[in-house]
Amino acid sequence: MTEKEAILQRHSVRNYTKKAIEPDKVSQIIEKIDELNAAGGLHLQFIEDAGKTYNKLMNRAMGLGSAPSVIACVGKDAEDLDRRVGYYGEKLVLFLQQLGLNTCWAGTFNRKTINASVAEDERLVISIAVGYGETQGKQRKSKTADQIIEGRSDIPDWFKEGVDMALLAPTAINQQKFAIKLNDDDSVEFIDKGGVLSQVDIGIVRCHFEIGAGRQV
């Protein structure tokens with residue numbers, strides 16, 4: 001499965017079975033996290049037993065209390081930390097999809113009980129629930145390309161393909177508060193329109209866009 005295929009197949013999943021993640025997949029996840037941490041200057045952590053991470057009433061109502069494992073998205077506090085967490089965290093989410101696992105980005109969780117290592121100069125940004133879903137989730141309602149494109153009117157195919165994949169990016173409460181601008185020199189800007197965890201969303205959107213466009217921007 002390619003990353004683009006993973007984007008097309010992946011949907012947020014909030015209800016999980018009791019099936020544990022197999023040891024060989026755990027090893028692959030840890031290896032991938034090491035790679036992404038090195039690339040993004042992050043401290044992403046796989047926590048095999050989610051424990052009471054999702055014991056808050058809202059989490060239980062959503063079904064996340066059943067998630068067997070969790071990714072803690074941690075990094076040294078910096079202005080661009082949220083964007084890097086979104087970008088490299090989504091790389092991990094798509095890898096997990098390729099392994100046959102299901103995931104859900106979760107900004108609401110019990111920060112006191114998640115078993116993450118967070119140094120004094122670090123910040124725990126968000127969590128990602130992971131396991132085997134009871135279902136594969138479903139497609140959410142999405143904006144159209146015209147609603148998020150800014151800049152030039154002559155749009156090349158690579159940009160259109162990037163936007164198509166960006167529109168499939170998970171965003172907090174499905175807010176999709178972003179725009180993508182194509183400049184005259186073919187450079188691309190990702191514009192934050194505000195909202196909950198919107199900088200994390202921008203990182204996720206950029207990840208999807210680059211996969212669709214077939215180039216880094």
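**Fold and helix packing, question by question**

Read along the sequence, the chain goes α-α-β-α-β-α-β-β-α-β-α-β-β-α, where helices (H or I, at least four residues) and strands (E, at least two) are DSSP runs numbered from the N terminus. This is a predicted model: local features need pLDDT of at least 70, side-chain atom pairs count only at pLDDT 80 or more, and totals for chains, interfaces and linings use all residues. Residues are numbered from 1 along each chain as its sequence is written, and side-chain values use heavy atoms, leaving out hydrogens and water.

Q: What percentage of the residues in the chain are buried?
A: Buried means under 20% relative accessible area, exposed means over 50%, and partly exposed lies in between (1.4 Å probe, protein chains only). Out of 217 residues, the buried share is 50%.

Q: Are α2 and α4 roughly parallel or antiparallel?
A: Axes are lines fitted to C-alpha atoms, for helices over the stretch in contact, and angles run from 0 to 180 degrees between N-to-C directions. Helix α2 (residues 23–40) and helix α4 (residues 81–98) pack at about 155 degrees, with axes 10 Å apart. Under 35 degrees counts as roughly parallel, over 145 as roughly antiparallel, 65 to 115 as roughly perpendicular and the rest as oblique. That is why α2 and α4 come out as roughly antiparallel.

Q: What is the handedness of the crossing of α6 and α7?
A: The axes of α6 and helix α7 (residues 198–213) come within 7 Å and cross at roughly 140 degrees, which makes the pair oblique. A crossing is left-handed if the near helix is turned anticlockwise from the far one by less than a right angle, and right-handed if clockwise. The α6 and α7 crossing is right-handed.

Q: How many charged residues are in the contact of α6 with α7?
A: Contact means heavy atoms within 4.5 Å, and here it's made by W158, F159, E161, G162, V163, M165 and A166 of α6 with V205, H208, F209, G212 and A213 of α7. Ala, Val, Leu, Ile, Met, Phe, Trp, Tyr, Cys and Pro count as nonpolar, Asp, Glu, Lys and Arg as charged, and the others, Gly among them, as polar. Eight are nonpolar and three polar, and the number of charged ones is one.

Q: Is Q176 buried or exposed?
A: Q176 sits in the loop between α6 and β6, and its phi is near 45 degrees, a positive value in a residue other than glycine. N174 is in the loop between α6 (157–166) and β6 (178–182) too, with a positive phi of about 55 degrees although it is not a glycine. N174 is partly exposed at 26% relative accessible area. Q176, with a relative accessible area of 3%, is buried.

Q: Which residues does L94 touch, not counting those up to four places away in sequence?
A: L94 is found in helix α4, and its relative accessible area of 0% makes it buried. The residues it touches are E3, A6, I7, C207 and I211.
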